[in-house]
Amino acid sequence: MIKSRRGSGSFGKRPDWRTYQSGLKRERERKRNGLKVYRYAAAMALLLGFTYFFNGMFPGGARVREDVSIPDSIATTALPEAGKTLDPSPAPVSESAEPSAEGATSNSEMPPPASDFGVTTPLPETGIESGNETAVAVNRNGVDTPEADSLLAPKFVRQVIDKAQIQLIFDRRSFVNLSKNAFDYDFDGRKYQVDTSINTTLQRYMLGQLQRRYAHSIGIVIMEPETGRILSMISHDREDPDNNVCTESLFPAASIFKIITAAAAVEECGLQPDSTVTYSGAKHTLYRSQLNRKNQRHLNHISLRDSFAQSVNPVFGKLGLQYLGKKGLISHAEAFGFNQEIDFELPTAPSPFSVSDEPYNWAEIASGFNRSTLLSPLHGAVIASTMIANQGCLVEPSIVDQITDSSGRVIYKSRPKTLNRALSPKTTLAMRSLMKETVLTGTCRKTFQDISQSPILSRLNIGGKSGSINSRTNEGRRFDWFVGYAEEKEGDRKIVISIVVAHQNFIGTKANMYARMAIEKFFEDVGSRI
């Protein structure tokens with residue numbers, strides 16, 4: 001007897017997950033090796049550029065602060081004693097006067113003012129401050145003394161390096177499973193101190209709770225949604241222990257993509273959490289017959305809130321197929337950061353997203369019933385941040401607070417930065433209602449079933465979305481997601497969480513449980529002071 005096989009849909013024939021992952025790793029390793037020569041060449045060019053830049057910032061008449069030492073790498077020429085000028089008779093310089101042609105830069109060559117960095121409330125600046133007649137090296141705390149002449153006030157502050165240059169200088173493996181929030185790093189014969197945003201108490205606790213026995217990969221990212229500061233970043237990769245899977249887009253997004261579909265349905269179609277939607281058949285399948293408009297028999301009626309909480313595939317398949325279409329899915333996916341590189345201190349892989357012209361594929365993509373849409377844990381945290389902070393705007397993540405060189409000079413300091421708006425503030429309220437229902441009555445209810453009796457969880461608003469999908473081969477691998485948030489009901493502390501677990505032959509600790517552990521640990525010491 002010949003057994004009929006179910007069609008593969010738009011999945012097609014793909015290699016098994018292990019082969020696919022190994023191929024991606026080999027390709028990225030090849031690219032990293034190719035960048036090594038470029039990294040060192042760029043670093044040397046950067047150092048030469050610094051030397052040229054700082055030479056141009058010490059014009060005639062420059063004075064040096066007594067309380068700050070300037071490294072030889074910056075002050076390439078000998079400087080006189082403090083209080084004495086380089087020129088015994090310098091010409092006075094006014095605001096409107098042209099700078100001297102010798103050793104000075106013109107106004108058109110001046111870097112932009114600090115306000116151009118897009119920071120509403122400027123943080124302590126770093127680098128070199130340059131006024132009309134003054135070049136001052138800021139000390140490690142970024143604090144200037146009031147002894148400077150008011151007529152010689154600084155006109156701008158320029159940061160020495162940015163995130164893109166950090167990616168060239170620092171090895172990503174240095175940030176894997178940190179147990180301290182600061183470490184020293186040697187590069188090109190120079191020592192730097194790197195101060196990170198890691199919450200060591202939370203980080204060490206989560207490292208201690210990690211169950212590696214049954215998992216092939218685990219990625220945990222916990223972040224402040226308003227600032228983008230990474231509080232915990234934990235990675236486990238059975239094949240490569242030093243790899244940081246939190247920045248790798250190797251995992252099928254599964255039902256986590258329902259967050260994007262639901263937000264698009266609220267924005268584009270005007271649906272609300274209480275809006276009624278229909279589906280036929282089972283909740284967690286996606287057959288073509290379930291998407292047929294003509295199939296009106298045995299319809300099930302459900303609210304958008306409950307369909308999201310229970311992760312009903314045919315509801316979201318119909319939203320993608322009949323309402324959003326290819327253009328709507330693409331525009332909202334890109335608004336949430338898919339197919340785009342995340343500006344981060346570590347190299348990150350974009351989360352790939354693609355839609356074919358086949359309508360059934362639109363349903364697969366919208367419901368997360370596919371293995372082609374991939375997501376990194378870091379990107380999952382960025383998506384979650386839009387729900388409870390920054391009025392629906394994406395936030396730029398950061399794990400490095402500041403970098404200090406061996407002379408105590410701060411050469412990099414992180415600044416909070418919001419990106420494009422992914423959804424409107426009104427839509428964020430609807431999405432929070434959907435995600436809260438998921439925790440209370442949906443797919444996460446077992447993990448958080450005693451939330452009202454818990455002395456910690458009962459003080460919080462918790463929302464999330466789970467997702468799971470099996471490997472297509474017989475290797476027994478299952479991908480398990482949780483992306484969500486937790487915030488105080490009567491306070492201002494909040495976090496977003498993104499966790500993925502690639503289980504092997506046996507299911508160990510699930511992503512939902514890791515999320516609960518992290519929430520309880522982070523908020524356990526808050527008490528009544530907030």
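Which residue follows helix 4, and is its phi positive or negative? Helix 4 is followed by glycine 270, and the phi of glycine 270 is positive, near 75 degrees. The legends below describe a predicted model, in which local features need pLDDT of at least 70, side-chain atom pairs count only at pLDDT 80 or more, and totals for chains, interfaces and linings use all residues. Residues are numbered from 1 along each chain as its sequence is written, and side-chain values use heavy atoms, with hydrogens and water left out.

**View 1. The whole protein.**
The protein has ten helices and 18 strands. Helices (H or I, at least four residues) and strands (E, at least two) are DSSP runs, numbered from the N terminus. Of the 530 residues, 50% are buried. Buried means under 20% relative accessible area, exposed means over 50%, and partly exposed is in between (1.4 Å probe, protein chains only). The accessible surface comes to about 25,100 Å², and carbon and sulfur atoms account for 50% of that surface. Accessible areas come from the Shrake-Rupley method with a 1.4 Å probe; for residues, only the protein chains shown count as cover. Among contacts (heavy atoms within 4.5 Å) between residues at least 6 apart in sequence, 73% join residues at least 24 apart.

**View 2. Helix 4 and its cover.**
Nine of the twelve residues of helix 4 are buried, so this helix is largely enclosed by the rest of the structure. The buried residues are Lys258, Ile259, Ile260, Thr261, Ala262, Ala263, Ala264, Ala265 and Val266.

**View 3. Helix 4 against helix 6.**
Two packed helices are described by the angle between their axes and the distance between the axes. The axes of helix 4 (residues 258-269) and helix 6 (residues 313-335) come within 9 Å and cross at roughly 80 degrees. Axes are lines fitted to C-alpha atoms, for helices over the stretch in contact, and angles run from 0 to 180 degrees between N-to-C directions. Helix 4 and helix 6 are therefore roughly perpendicular to each other. Angles under 35 degrees count as roughly parallel, over 145 as roughly antiparallel, 65 to 115 as roughly perpendicular and the rest as oblique. On the helix 4 side, the residues that meet helix 6 include Ile260, Ala264 and Cys269. On the helix 6 side, Phe316, Leu319 and Tyr323 are among the partners. By class, the contact of helix 4 with helix 6 has ten nonpolar, three polar and three charged residues. Here Ala, Val, Leu, Ile, Met, Phe, Trp, Tyr, Cys and Pro count as nonpolar, Asp, Glu, Lys and Arg as charged, and the others, Gly among them, as polar.

**View 4. The loop between helix 5 and helix 6.**
Serine 311 lies in the loop between helix 5 (304-309) and helix 6. Serine 311 has a positive phi of about 55 degrees, although it is not a glycine. With a relative accessibility of 7%, serine 311 counts as buried. Valine 312 is in the loop between helix 5 and helix 6, and is buried with a relative accessible area of 0%. Leaving aside neighbours within four places in sequence, valine 312 is in contact with Lys258, Tyr279, Lys283, Ile302 and Ser307. The C-alpha atoms of valine 312 and tyrosine 279 are 8.5 Å apart, although 33 residues separate the two along the chain.

**View 5. Serine 255.**
Serine 255 sits in the loop between strand 8 (251-252) and helix 4. Its relative accessible area is 9%, and serine 255 is buried. Beyond neighbours within four places in sequence, its contacts include Ser311, Asn313, Lys465 and Gly467.

**View 6. Helix 8 against helix 9.**
Helix 8 is mostly covered, with twelve of its twelve residues buried. The axes of helix 8 (residues 377-388) and helix 9 (residues 425-440) come within 8 Å and cross at roughly 115 degrees. The two helices, helix 8 and helix 9, are therefore roughly perpendicular to each other. Thr386, Met387 and Ile388 of helix 8 make the contact with Thr428, Met431, Arg432 and Met435 of helix 9. This contact of helix 8 with helix 9 has four nonpolar, two polar and one charged residues. Just after helix 8, asparagine 390 takes a positive phi of about 60 degrees.

**View 7. Helix 3 and its buried face.**
Leu202, Gln203, Met206 and Leu207 are the buried residues of helix 3 (residues 200-209). Seen down the axis of helix 3, these residues fall within an arc of 130 degrees, so they line one face of the helix. The arc is that of the directions from the helix axis to the C-beta atoms. The cover over these buried residues includes strand 6 (215-223), strand 7 (230-237) and helix 10 (511-523).
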